[in-house]
Amino acid sequence: MLALLCAVAAPGVAAAQPQQVAGVRVVLQPPAGFSPAVRFPGFQREAARASIMVTEVPAAFSLMESRLTPQAFAGQGMVLRGSEPFAVDSLRGRLISASQQAPDGVTYDKWVLMFGDDSATAIVTATYPQDSAASCSEPMKQAVLTARWSRAPADPLGGIGFRVTTGPRLRIATRLGNSVAINETGTLPNTVPGAPLLVIGTSVAEVDLGDLEAFARRRLMQMPGISNYSNVSGCPLTIDGAAAHQLTADAVQTDDSTPLKLFQVVLPEGSHYILVQGLVAADRAADFIPEFQAIARSLHRDR
């Protein structure tokens with residue numbers, strides 16, 4: 001969860017009306033000068049290097065709150081500066097202030113409002129350069145505090161920048177920030193080791209994609225909780241009229257040693273990319289790798 005707070009995410013004065021955040025069940029009143037974000041659910045003001053990112057997590061608020069320790073923040077390269085209870089309507093919540101130094105050396109301040117119930121938690125993260133704190137801190141805090149659950153259902157692919165068609169045995173389980181998770185049950189977490197899981201998302205940071213195959217291989221090796229990679233193979237392909245690169249590999253799920261088959265597609269978008277990553281138990285790969293491939297090939301970007 002703390003990794004979701006790390007995305008550099010705004011200055012201004014609170015604007016006119018609350019707005020539904022695309023892809024999530026949250027409404028909030030963004031500051032003046034902000035527009036809907038392109039690569040994540042929320043709002044941004046690119047010229048100010050500032051944004052408000054909204055994430056829904058399918059986990060109880062009490063569980064999420066228990067993880068908000070200084071040590072956990074430090075593990076994500078952040079400094080926890082303050083934390084206090086803050087109720088949102090009838091829901092428990094917590095208002096957090098933190099700081100983080102980005103790779104470019106710029107330090108960002110954050111206001112984070114987290115609230116929820118026994119089944120889901122909303123995380124609203126406002127981020128702005130620390131040297132703009134005098135003009136940004138209070139307006140950003142007030143914008144974050146306007147967040148509320150929406151009564152309207154959310155389109156999990158709303159505002160994410162692409163659409164996909166799921167297979168006959170797979171369906172969308174949840175939206176997590178700038179990614180969507182797809183599995184058999186339509187809910188998370190997967191309770192069976194090696195159950196098929198496909199995650200599709202857009203990158204936030206800019207990267208060098210000059211050697212697409214080399215980048216794809218490095219990106220595959222960064223899958224969390226996976227080890228013992230072998231038999232990595234791939235090929236170029238075309239998705240939505242653009243060049244992409246597909247990889248498959250054998251691996252092991254580190255915590256329970258389940259043999260896995262991995263699947264990945266990287267689709268460049270300038271210096272950003274769309275990432276499709278899937279895993280399934282090796283003995284079910286013949287059934288689900290073709291479905292992963294079909295979903296990846298169905299992807300078309302919003303234009």
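Visitor: Are Phe263 and Phe292 buried or exposed?

Guide: Both Phe263 and Phe292 are buried; here buried means under 20% relative accessible area, exposed over 50% and partly exposed in between, with a 1.4 Å probe and protein chains only. Please keep in mind that this is a predicted model, in which local features need pLDDT of at least 70 and side-chain atom pairs pLDDT 80 or more, while totals for chains, interfaces and linings use all residues. Residues are numbered from 1 along each chain as its sequence is written, and side-chain values use heavy atoms, leaving out hydrogens and water.

Let us begin with the whole chain. The protein chain has 6 helices and 19 strands, taken from DSSP runs (H or I of at least four residues for helices, E of at least two for strands) and numbered from the N terminus. Its C-alpha trace spans about 55 × 40 × 35 Å along the principal axes. Of the 303 residues in the protein chain, 50% are buried, and your two phenylalanines belong to that group.

Now to the rings. Rings of Phe, Tyr and Trp (its six-membered ring) pair if their centres lie within 6.5 Å, and the planes count as stacked under 30 degrees apart, edge-to-face over 60 and tilted for the rest. By this rule there are 3 aromatic pairs. Phe115 has a relative accessibility of 0%, so it counts as buried. Trp149 has a relative accessible area of 21%, which makes it partly exposed.

Your own pair has its ring centres 6.0 Å apart and its planes at 45°, so Phe263 and Phe292 form a tilted pair. Phe263 sits in strand 17 (residues 258-269) and Phe292 in helix 6 (residues 285-298), so the two ends of this link between distant parts of the chain are 29 residues apart.

A charge sits over a ring if NZ of Lys or CZ of Arg is within 6 Å of the ring centre and within 35 degrees of the ring normal. Arg25 lies over the face of Trp149, 4.5 Å from the ring centre. In the other example, the charged end of Arg169 is over the ring of Phe288, at 4.7 Å from its centre.

Let us visit another strand. Gly201 is part of strand 14 (residues 197-202) and is buried, since its relative accessible area is 7%. Leu275, in strand 18 (residues 272-281), counts as buried too because its relative accessibility is 10%. Although Leu275 and Gly201 are 74 residues apart along the chain, their C-alpha atoms are separated by 5.5 Å. Gly201 and Gly75, by contrast, are 126 residues apart in sequence and 24 Å apart in space, C-alpha to C-alpha.

With a relative accessibility of 61%, Glu206 counts as exposed. The C-alpha atoms of Glu206 and Gln71 are 28 Å apart, and the two residues are 135 apart in sequence.

Finally, a few backbone details are worth a look. Most peptide bonds are trans, and most residues other than glycine have a negative phi. The peptide bond from Leu188 to Pro189 is cis, with omega near 5°, and Pro189 is in the loop between strand 13 (179-183) and strand 14. Arg49 has a positive phi near 55°; this residue lies in the loop between strand 4 (42-45) and strand 5 (50-57). Arg49 is partly exposed, as its relative accessible area is 41%. Asp89 likewise has a positive phi, of about 55°, without being a glycine. You will find Asp89 in the loop between strand 6 (78-85) and strand 7 (92-101), where its relative accessible area of 62% makes it exposed.
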